[in-house]
Amino acid sequence: MKLFNTSIALILTGLLSLSSVAAAEKAFPSPLPDKLRVCADPNNLPYSNKAQEGFENKIAEQLGEYFGLDVEYVWFPQRMGFIRNTLKNWSDIEGRFACDLVIGVPAQFDIAATTKPYYRSAYSLLLKKDGALANVNNQQDFLALPDAVKKAIKVAAFSPSPAVSWLRENGFKDSTEYFRIMNGDPEDYPGKMVGRVADGEFDALVIWGPIAGYFAKAYPDLAVIPLTSGNGNVFDFSISMGVRYGEKPWKETVEMAMDANAPQIAMILNDFGVPVVEASSKPPRDDDDD
């Protein structure tokens, strides 16, 4: 009987220890809200859309499951005024801000506080595998094309972006057509340009890696080549999550969730074709304001 009681005591002690560990894991620095309210663009694949098909939607779902909270979205086009109308939009009627988390912002973001980065990607060269660029397998091959080919092909790029000076400096000035990243039309999005390369309107496109990787999956004749920084051109950037300034405990809570769900987040990025790269550029000095 004594042995039985001792065994029960050990089992109970073990269960209590596990409960303590679980409680410690959930002892977030900031009290959780009643819902995980996410600020997002309603038409911005591969990041997010109202059908919740983007990789930022999937990451939000993962964090919501971890927190044990339903995910609620506040939709607004991710253009000028996005943060003001979402993350910083206070309602006296509700007694709270419209939403509390942006899933993806540049790590060096100045209008919201940023978490530590959770992935790094790069502007990429997207091109057709046949035709004039059939033998281009990397960045160096593209730059080494004969001048006659550089002048004959049609290249698309967005301005402003790191592609502008890089293409002009390397002989593509006269063969490149530039497009505005934000044109004021909420129904437009950069990913449409990938289809224009696949259709043969352009031979190559320089575009942010996650967009290239996601949309190129539908076209097996397209190749995606992440660009490496160098010679004063910076192509790779870290991405963080965004919260409001002055809410350090909530920021730390989000970072704990990011750490706990890092493998799942990595799988989501991979499933969506996001090119995840090592740093090839020196990051600017971080003057983070919590």
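Two strands are said to pair if DSSP finds at least two bridges between them. Helices (H or I, at least four residues) and strands (E, at least two) are themselves DSSP runs, numbered from the N terminus.

Colleagues, this is a predicted model, in which local features need pLDDT of at least 70 and side-chain atom pairs count only at pLDDT 80 or more, while totals for chains, interfaces and linings use all residues. Residues are numbered from 1 along each chain as its sequence is written, and side-chain values use heavy atoms, with hydrogens and water left out.

Let me begin with strand β10. This strand, residues 155-159, pairs with strand β11 (residues 176-180) in the parallel sense, over five bridges. Within that pairing, A157 stands opposite Y178. From β10 the chain passes through α6 to β11, a right-handed β-α-β crossover; that is, with the strands pointing away from the viewer, the path from the first strand over the helix to the second runs clockwise. β10 also runs parallel to strand β12 (residues 204-208), joined to it by three bridges, and A156 has L205 as its bridge partner there. Is β10 mostly covered or mostly open? Four of its five residues are buried, where buried means under 20% relative accessible area, exposed over 50%, and partly exposed in between, with a 1.4 Å probe and protein chains only.

I turn to the nonpolar core, meaning a set of buried Ala, Val, Leu, Ile, Met, Phe, Trp, Tyr and Cys residues joined through side-chain atoms within 4.5 Å. The largest has 68 residues, and I59 and F142 have the most contacts inside it. Helix α2 (residues 55-67) gives the most to this core, namely six residues. A second, separate core has ten residues, including A98, C99, V102 and A112. In soluble globular proteins, nonpolar side chains tend to be buried together.

Which residues does I59 touch? Leaving aside residues up to four places away in sequence, its contacts (heavy atoms within 4.5 Å) are I103, Y118, M241, I265, I268 and L269.

I265, I268 and L269 are also the buried residues of helix α10 (residues 262-271). Seen down the axis of α10, they fall within an arc of 100°, so they line one face of the helix; the arc is that of the directions from the helix axis to the C-beta atoms. On the other side of α10, P263, M267 and N270 are exposed. The cover over the buried residues includes α2, β9 (119-128) and α9. Just after α10, G273 takes a positive phi of about 75°.

Helix α9 (residues 248-260) contains K251, which counts as buried at 6% relative accessibility. A polar atom of its side chain lies 3.1 Å from the backbone oxygen of T114.

Finally, the backbone. Most residues other than glycine have a negative phi, and most peptide bonds are trans. Two peptide bonds here are cis: L45 to P46, with omega near 15°, and S159 to P160, with omega near 5°. P46 is in the loop between β2 (43-44) and β3 (48-49), and P160 lies in the loop between β10 and α6 (163-169). Q52, in the loop between β3 and α2, has a phi near 60° and is partly exposed, with a relative accessible area of 30%. N231 has a positive phi of about 55°; this residue lies in the loop between β13 (222-226) and β14 (236-243) and counts as exposed at 80% relative accessibility.

Conventions. A polar contact is a pair of N or O atoms within 3.5 Å; within protein, one must be able to donate a hydrogen and the other to accept it, and residues adjacent in sequence count only if both atoms are side-chain atoms.
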